[in-house]
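Please read these notes with the model open beside you.

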Amino acid sequence: MSEFNPQDLMTRVFMRLRQNGFQLGVGEFLAAEKAVLGGFGENSQELGETLKILWCHSISQQNLFDDIWEYLQNIATPSQSEKEIKPQKEITPKTPSQPEKETPENTTSPLDKPPEPKPEPKLESLPVRAPFIPMEMEDNFTLQTYYPLSRRSMVYGWRYLRRLVADGTLDILDINATIQKATYQGFYIAPVYRRRERNNAHLLLLIDQNGSMTPFHRFSRDLVETAVYESSIPSENVQVFYFQNVPVNSVYKDIYLTEPIALDEVLKTCDNETSILIVSDAGAARGYRILNRIRATSRFIFKLQRYTYLIAWLNPMSEKRWFGSSAEIIANLIPMYQMDNNGLSNAIDILRGQTLKQFY
């Protein structure tokens, strides 16, 4: 008999329930894993009761959970089920020393008995719940993760955000200017040098933190790190600030939202060549359409447009999730793209001032 593995059994049940329409996500799985680590799943019975409490919210879900749980239990321990069934099928043989005595009743043939009346059909209601039919699945269950944008794509995308200014050292040989000067003078005296070009782009990142953006902290962190440390933009020209839902009067310097700074003070460092990238779901993660949030976001966008029009919005939710939420309205005020390879490329085009005619 195999040892009891609560983690493996919990994962199997989780995947089965999701296939049968249960609205379960990462939060529910982590809550169950935390309960198991806390000692609420020491055996199969306790584990089943714990998962039923955490994942079932109606009687129909509990009934379906019981069917799936029983089916997975039989698969996990086939030897136990066989042992339980075998004793029930054993029949005690009759001893040959005690033959049955013939009686007058036994001599009558079954054809002489009168036929039994057939039961009349009764009208009954059909079952509400369909029977559970198990599906064939592989034994190796792996919870696959979805990466809307890889770190490598971020590094590649930031390379296009450039604003070259020739203010470096005077050590680059200008061949065309040298030939032109020699042709004009009629003889060659000395080469002509030009200054090195430096990326003078100024990037302001405004990252939505906590709340519905918690599942996307990994991607927002990679976006900040690649912009600061792995791009051609000087690190001193990259400013990163955080907010929650809507930056009203202040933003924060840290991811824990403990060091506030006035928004007007941040915008004083911006000019018409400053590129501003906003990263937020704009209410699309929960599907809410809140009028107060739309109004506050509109005032925030209009304030940014006083300084620059190089503004883009990167939304970690797919575009089809924007409809019916606040993001659908905000997307009409500012260029908004979903966080994928094409979305980041289009957003950087806006930040470098390439496709502004499509929106303004």
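1. A residue counts as buried under 20% relative accessible area, as exposed over 50%, and as partly exposed in between (1.4 Å probe, protein chains only). By that rule, 35% of the 360 residues of the protein chain are buried.

2. The model is predicted: local features need pLDDT of at least 70, side-chain atom pairs count only at pLDDT 80 or more, and totals for chains, interfaces and linings use all residues. Residues are numbered from 1 along each chain as its sequence is written, and side-chain values use heavy atoms, with hydrogens and water left out.

3. The protein chain has 13 helices and 9 strands. These are DSSP runs numbered from the N terminus, helices being H or I with at least four residues and strands E with at least two.

4. The accessible surface of the protein chain is about 24200 Å², and carbon and sulfur atoms hold 52% of it. The area comes from the Shrake-Rupley method with a 1.4 Å probe; for residues, only the protein chains shown count as cover.

5. Contact means heavy atoms within 4.5 Å. Of the contacts in the protein chain between residues at least 6 apart in sequence, 70% join residues at least 24 apart.

6. Helix 2 (residues 26-40) and helix 3 have axes that come within 10 Å and cross at roughly 145°. Axes here are lines fitted to C-alpha atoms, for helices over the stretch in contact, and angles run from 0 to 180 degrees between N-to-C directions. On the helix 2 side, the residues that meet helix 3 include F29, A32 and V36; on the helix 3 side, L47, L51 and W55 are among them.

7. S44 lies in helix 3, which spans residues 44-55. Apart from neighbours within four places in sequence, S44 touches F4, W69 and Q73. With Q73, the side chain of S44 forms a polar contact of 2.5 Å. Such a contact is a pair of N or O atoms within 3.5 Å; within protein, one must be able to donate a hydrogen and the other to accept it, and residues adjacent in sequence count only if both atoms are side-chain atoms.

8. Where is R151 found? R151 belongs to helix 7 (residues 151-158), and R151 is partly exposed because its relative accessible area is 31%. Beyond neighbours within four places in sequence, R151 is in contact with D222, E225, T226 and E230. The side chains of R151 and E230 make a polar contact of 2.8 Å. R151 and E225 are 74 residues apart along the chain, with their C-alpha atoms separated by 9.3 Å.
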